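Please look over the sequence and the model before reading on, with an eye to how the chains are built and where they meet.

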Amino acid sequence: MSDTVIKVENLSKRYVIGQQRSKDDGFRHIIEDAVRAPLKWLSSRKKQEREEFWALNDVSFEVKQGEVLGIIGRNGAGKSTLLKILSRITEPTSGRIEIDGRVASLLEVGTGFHPELTGRENIFLNGAILGMSRAEVKRKFDEIVAFSEVEKFLDTPVKRYSSGMYVRLAFSVAAHLEPEILIVDEVLAVGDAQFQKKCIGKMNEISKNEGRTVLFVSHNMGAIANICSSGLLLQHGKRIHNGSVGQTVDAYLSSGTAASGEKRWRNEDCPATSCVRILSVRVIGDGETRSIVSIDRPIHFEVDFETLLEGLSLYVSIHIVHLSGGDVLSTANFPSASLETDAWSTKSFPRGRFRSRCTLPANLLNDGAFLINVAIMRSTRETEIFVREVIQFTAQDTGGMRREYTGHWIGVVRPRLGWKTESFAAA
Amino acid sequence: MSRLIIEQGQIERQYWRDLWRYRELFYLLAWRDLLVRYKQTVVGVAWSLIRPLLTMIILTVVFGTLGKMPSAGVPYPLLVFCGMLPWQFFSNALAESGNSLVANSGLISKVYFPRMVVPASSVITSFVDFLISAVFLVALMIWFRFCPPANIVFLPLFVLLAFAASFGVGLWIAALMVEYRDFRFIVPFIVQFGLYISPVGFLSSVVSDKYRLLYSLNPIVGVIDGFRWCLMGGEHLIYWPGLAVSVVGVIILLATGIVYFRKTERTFADVI
C-alpha cells in the first residue's frame, strides 16, 4: 500500500446556510446577508431560517501514485468542495485525509492575476501564489512564455489581453508547476480547440511521463475519458462510484436516469385538442429514460398520446433544436420519410393510447445540449398539436472518436463517414 | 516526501512552516500593491509626499499657530512631522490590512497559503510609505538646520514597536472584517478620531500627570513619544511608566491578534 498517495476517509463537509437571528440586530445582518447570498441559492427551495447543507457526506477513496483520477458529477455534487478541502482552502467538518507529497491546485484559471500588471509581472506573481519560488519561475520563464504564445504582449497590462490570451498565460504558469500531486478544476472549459488540445497533451505528459498524480474535475466526458485512468462519481455529496474511468463515465451517464429525460403531463395539463392529447414524451439511451445520452449509442424518443375520437389519421413529428439556437433536424413517421413504414401511419386510429418511438442512429449528433419539439399532425399539412422545448437532453461524448483528435468537433452533427484516399497518376 | 494530514483543526501544525515557505509571497504581494497603486495617476509617487505635507501644515497651523501649544524649543512643523511619521504608518497599515483579506477574496477562496501573509504584506506596503516620509523628514531637518541627538540609535526599537502595533491591530481588523463588514465603516472613524486623541499635533506632556498613565493605554502614545525622544532629543523626556504600558499593550494586541486570526482563519474561505 506504499504507493497510495492520497487517502480520504469518511470525509464530510457541512455548510450552515442562514443563521438563527433575532429581529433587533438588523443592520449587522443586512451586511451579513449580502456576504452569504452566494451560498443561499444552494437551498433556495427550503425556507427555514437555519439550514444545514452537506456538501460532502462520508466520502472515502484512495489515489495511487501516477494515477489520474477524474472526478465527475452534476453541478452541486460536491466536486469543487472536495477539491477545496484537498487543497486546504477550507477545512472538513469531519473525516481525515492523508496526502504524501507537495500539492498544487488550479481551481480557477488566473487566480491572483492583477489586471493592471503586465504579463511578465503576473507570471511572477501568479507563480508565487501557486507556491513556486522566484528562482523556480525564473528558470522556467521562457518555457512558460513559449507555451502561452503571448511573447509579443509580455509587457502589456493583462487588462488589455483578449480572454484567450489571458487564459493561455494563466494555464501556462500553472502547467509548469512541478508538484507531486496536481489538482485541476474544469480549466479546459476555456480557450480554443487548439489550446485545449495542448492542455490535454500537457496533462498527459505530466501524468504519464513524469509519473505525477493528477486529480481532474470536468464536465467534458471526452476529456475525462481521454486523460484519466480512473474515475470518482459524486452525487449530492456522496460517492456513487469509484473505479475505472470507463465504468465511472457510464455510471455518470446512467445517473441522469429519469431525472429529467421525461416529460409527463398531469391529466388537466396535457397539450390537447378535441381529438388528441399528448400524455408524455421521453428520451431513452441504453434502454433507460435519461437526460444524458451517449453520442455513440442509438437514442430513442418516445411520444405517448391518446386519441379522443374514432378514425383519425395521425402522424407524429419530432424536431431537434440545438440549445444554443439553430435547428438540427426534423423527422416524422410519414411512410416515405421513415426507414420502414410505421404500420399506424397508413391506418386510421381507433380510440385509445399509443406510443410512437423514433430512433436516432448512433454517432449522429455531436456532443452538446439539445431540445426537442413534438408535433402531432392530422394530415401531412395540418398540425394538430405542437409543443415546443418539451425536453432538454445532453448528448455526451464518450471518447469513442477521440483516439487521435482531442479538440472540439465543429458542427451540430458528428457522423462517422466513409473515407478513402487513393493515389492517382498526374495527367 | 512530506506527509500532509487534513482533519478538522489539523492544519495548525504545518502553519508556521508554511508561512516560511510562502515568505516570497509577502514581498510579492506588497510589490504588487505598490506597483498598482500609482498606475494611471498624474502625480504618481508624489502622492505619498503630498498627503503628509498637507497634514503637517494643517496640524502646525491648528495646534502651533492657533492653539499655541508648547513645542519645547523645536520648530513646530518638525515636532508635528515626527509624530506623524509613526501615526501615518499605523493608520495606513490599519486601513490597508483591515481591508486586505476582503480585497483579496478571490485568492482566499481559490488558493491555499497561510492567510497571515495578506495583512502582513499590507503592513509592509505601508512601511514603504513610511520610509518615503522618513526621507522627507531628513530633508525637513536639514531645512531647519536641526541636528538629531544621539538617542537616534534607539529609533529602530520604536520602529519595531510601531510595526508590532500596526500588525496586531491589522490582524484583528482583517479577521473581523471577513465576517463583519461593519468594520469598513469603523476603520475610517478610528483613523480620524485617533489623529486627535494621539499626540500627533501636540506633545503628550500637555496631558496632566494624573491622566498620563491612562492616556498611555493608547499604544500609539508610547510609539510617538519614543520617536520624538529619539529624533528631537532629551528635552522630550520619555514618560517611562507610560512607555511600559504602551509596550505591554502592544504585545497583548499582537498576541491576541495572532490567536484570533488563527482561530477564524480556517473558516475564511467559507465566510468571505
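Residues are numbered from 1 along each chain as its sequence is written, while chains are lettered from A and ligands numbered from 1 in the order in which they are written. The model is predicted, and for that reason local features need pLDDT of at least 70 and side-chain atom pairs count only at pLDDT 80 or more, whereas totals for chains, interfaces and linings use all residues.

Confidence is described by pLDDT, the predictor's confidence in each residue, from 0 to 100. Chain A averages a pLDDT of 82, and 88% of the residues score at least 70. Where pLDDT is low, the predicted coordinates should not be read in detail.

Chain A contains eight helices and 19 strands. Of the contacts in chain A between residues at least 6 apart in sequence, 72% join residues at least 24 apart. Buried residues make up 38% of the 427 residues in chain A; here a residue is buried if 20 or more other C-beta atoms lie within 10 Å of its own, exposed if 12 or fewer, and partly exposed in between, with C-beta atoms placed from the backbone.

Strand 7 (residues 213–217) of chain A illustrates burial well. Five of the five residues of strand 7 of chain A are buried, so this strand is largely enclosed by the rest of the structure. Both of its faces are covered, with A:Thr213, A:Leu215 and A:Val217 on one side and A:Val214 and A:Phe216 on the other. Strand 3 (residues 68–72) of chain A runs parallel to strand 7 of chain A and is joined to it by four bridges, where strands are said to pair if DSSP finds at least two bridges between them; in this pairing the bridge partner of A:Ile71 is A:Val217. Strand 6 (residues 181–185) of chain A likewise pairs with strand 7 of chain A in the parallel sense, over five bridges, and A:Ile183 stands opposite A:Leu215.

Most residues other than glycine have a negative phi, and most peptide bonds are trans. A:Asn363, however, has a positive phi of about 55 degrees although it is not a glycine; it lies in the loop between strand 17 (352–360) and strand 18 (368–377) of chain A, and it is partly exposed because 18 other C-beta atoms lie within 10 Å. In A:Glu389, which is not a glycine either, phi is near 45 degrees. A:Glu389 lies in strand 19 (residues 383–396) of chain A, and is partly exposed, with 13 other C-beta atoms within 10 Å.

Which residues make up the contact between the chains? The contact takes 36 residues from chain A and 30 residues from chain B. On the side of chain A that touches chain B, the largest share, six residues, comes from strand 4 of chain A. Strand 4 of chain A also pairs with strand 1 (residues 3–7) of chain B in the antiparallel sense over five bridges, and the bridge partner of A:Asp100 in strand 1 of chain B is B:Arg3.

In chain B, helix 4 (residues 76–103) has 28 residues and reaches 38 Å from its first C-alpha to its last, close to the 40 Å expected at 1.5 Å a residue, the expected span being 1.5 Å times one less than the number of residues. Helix 4 of chain B is mostly covered, as 23 of its 28 residues are buried. Helix 7 of chain B is also mostly covered, with 19 of its 25 residues buried.

Definitions and conventions: Helices (H or I, at least four residues) and strands (E, at least two) are DSSP runs, numbered from the N terminus. Two residues are in contact if their C-beta atoms, placed from the backbone, lie within 7 Å.
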